[in-house]
Amino acid sequence: MKAQNSAIALHSIAVSDSRRTGSGTLAAVLGVVAFSLTFPATAWGLEGFGPWSLVAVRSVLAAVVAGGCLLALRIPPPDRAHWPGLAVVAGGVVIGFPLLTTLALETSTTAHAAVVVGLLPLTTALLSALRTGHRPSRTFWAAAVAGAAAVLAFTVLRSGGALTTADLLLFGALLVCAAGYTEGGRLARVMPGWQVIGWALVLCLPLGVPAAALALAHEPVRLTAHSVTGLVWVAAGSQFLGLVLWYRGMAAIGVPRASQLQLAQPLLTLVWSVLLLGERLTPAAPLTAVAVLVCIAVTQRARG
C-alpha cells in the first residue's frame with residue numbers, strides 16, 4: 001500500500017513538473033513573439049520621434065503601466081536584498097538595450113539587427129553559467145555555439161568583412177541585455193516575474209521623466225499612425241508585457257533553456273520586417289535564421 005501511495009505521489013509530482021515546464025515554455029515563446037516585434041516597432045517610432053525621445057518616453061509609459069498594476073494590486077516593495085539585482089535589470093533591459101538598439105537602427109536595417117541579436121541566447125547562457133554556477137551539457141553548448149557562429153558569420157558577410165558602428169552598438173546591447181536577463185531570471189525564482197520587471201521600470205522613473213522632458217524639448221516630434229503605434233508597442237508590448245512573460249518562462253524552465261528559445265526571434269523579426277516595413281531580404285538572412293532554428297531544437301532536447 002505504501003509503495004502504491006509513493007508511486008501515486010511520484011506520478012503527481014511528475015505531472016505537476018511537466019505542466020509547469022509546458023506553461024513556462026509557452027510563456028517564454030509568447031515573450032519571444034512580443035520581442036520579435038520590437039525592432040519593426042522601433043523603426044516605426046523613429047519615423048516621428050528622435051532616438052533619445054523614443055527611449056525615454058517608452059520607459060516612462062512602461063513604468064506608468066507597471067506602477068499602476070503594482071499599486072492596484074497593493075504589492076509591497078521588494079526586500080532590500082533584491083534592489084541591487086533590480087538595478088541590474090533596469091540598467092540592462094529598461095535603459096541599455098533599448099537605447100543602444102535604437103541608436104543602431106538609425107543606420108541599420110531591422111533585418112540585419114535582428115540576426116545580430118540572435119547572439120543574445122548564447123550571451124545570456126554564458127552569463128547565467130558564470131552567475132549561477134549552472135553547467136549545461138556539452139550538447140547544449142555545442143548547439144548554442146553553432147547558432148552563434150552562424151549569426152556572427154552572417155554579420156561579418158553583411159558588413160563587407162568589417163563591423164560597423166551599428167554592429168558595435170548591437171553587440172554592446174547584447175551584453176547589457178544578457179546581464180539583465182540573467183539577473184531577472186534569478187529574481188523571478190523568488191518573486192513573480194511581472195513584479196521583477198515592474199519594479200525595475202519603476203526604479204527608472206525618476207531618471208526617465210526628466211530625460212523624456214529634455215529629449216522632447218531638443219528633438220523634433222511628428223505624430224503619425226506609425227510613430228504612435230510603434231511607441232505604444234515598445235512601451236506596453238515589448239518593455240512590459242513581453243518581459244513579464246519572458247521572466248515567468250525563465251523562472252519555470254531555467255535561464256539557459258529559455259534563452260535558446262530566443263534564437264527564433266531573428267526569423268520572426270525577418271518576417272515582420274518584410275510584412276510591416278517592406279524590407280527586402282538577402283538569401284543569407286532566412287538561411288541563417290533556419291540554421292539557428294535547428295540549433296534551438298538541439299538545445300531544447302539537450303539535458304543540462
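Student: If patches are made of residues with over 30% relative accessible area and no salt bridge, with nonpolar side chains (Val, Leu, Ile, Met, Phe, Trp, Tyr) joined within 5 Å and like charges within 9 Å, which residues form a nonpolar patch on the surface here?

Tutor: In this predicted model, the nonpolar surface patch is formed by Leu216, Val221, Leu223, Val228 and Val232, which together have about 410 Å² of accessible area (Shrake-Rupley method, 1.4 Å probe, with only the protein chains shown as cover for residues). Residues are numbered from 1 along each chain as its sequence is written, and side-chain values use heavy atoms, with hydrogens and water left out. Local features need pLDDT of at least 70 and side-chain atom pairs count only at pLDDT 80 or more, while totals for chains, interfaces and linings use all residues.

Student: OK, take Val221: where is its place?

Tutor: Val221 is in the loop between helix 9, residues 193-218, and helix 10, residues 225-253 (helices are DSSP runs of H or I, at least four residues, and strands are runs of E, at least two). With a relative accessible area of 42%, Val221 is partly exposed, a class that falls between buried, under 20%, and exposed, over 50%.

Student: And Ser227, is that buried or exposed?

Tutor: Ser227, which is found in helix 10, counts as buried, at 0% relative accessibility. Leaving aside neighbours within four places in sequence, Ser227 is in contact (heavy atoms within 4.5 Å) with Trp44, Gly45, Glu47, Gly48, Phe49 and Arg222. In the case of Arg222, the backbone oxygen lies 3.2 Å from a polar atom of the Ser227 side chain.

Student: Switching topic, how many helices and strands are there in the chain?

Tutor: The protein chain has 13 helices and 0 strands. Of its 304 residues, 52% count as buried, and the chain exposes about 14000 Å², with carbon and sulfur atoms supplying 69% of that area. Among contacts between residues at least 6 apart in sequence, 90% join residues at least 24 apart.

Student: What about the inside, which residues in the largest nonpolar core touch the most other members?

Tutor: That core has 72 residues, and those touching the most other members are Val89, Tyr181, Val196, Ile197, Leu201, Trp246 and Tyr247 (a nonpolar core joins buried Ala, Val, Leu, Ile, Met, Phe, Trp, Tyr and Cys through side-chain atoms within 4.5 Å). Apart from it lies another core, of 7 residues, among them Leu54, Ala56, Val57 and Leu231.

Student: How many salt bridges does a search find?

Tutor: A search of the whole structure finds 1 salt bridge (a side-chain nitrogen of Lys or Arg within 4 Å of a carboxyl oxygen of Asp or Glu). Arg186 forms a salt bridge with Glu183, and their closest N and O atoms are 2.6 Å apart. The two are 3 residues apart in helix 8, residues 165-187, so about one helical turn separates them. Arg186 is partly exposed at 31%, whereas Glu183 is buried at 7%.

Student: Last one, which residue has a positive phi although it is not a glycine?

Tutor: Arg74 has a positive phi of about 55 degrees. Most residues other than glycine have a negative phi. Arg74 lies in the loop between helix 3, residues 51-72, and helix 4, residues 83-104, and is exposed, with a relative accessible area of 76%.

Terms used:
Buried < 20%, exposed > 50% of the residue type's maximum accessible area, 1.4 Å probe, protein only. Polar contact = N/O pair within 3.5 Å; in protein donor to acceptor, adjacent residues only side chain to side chain.
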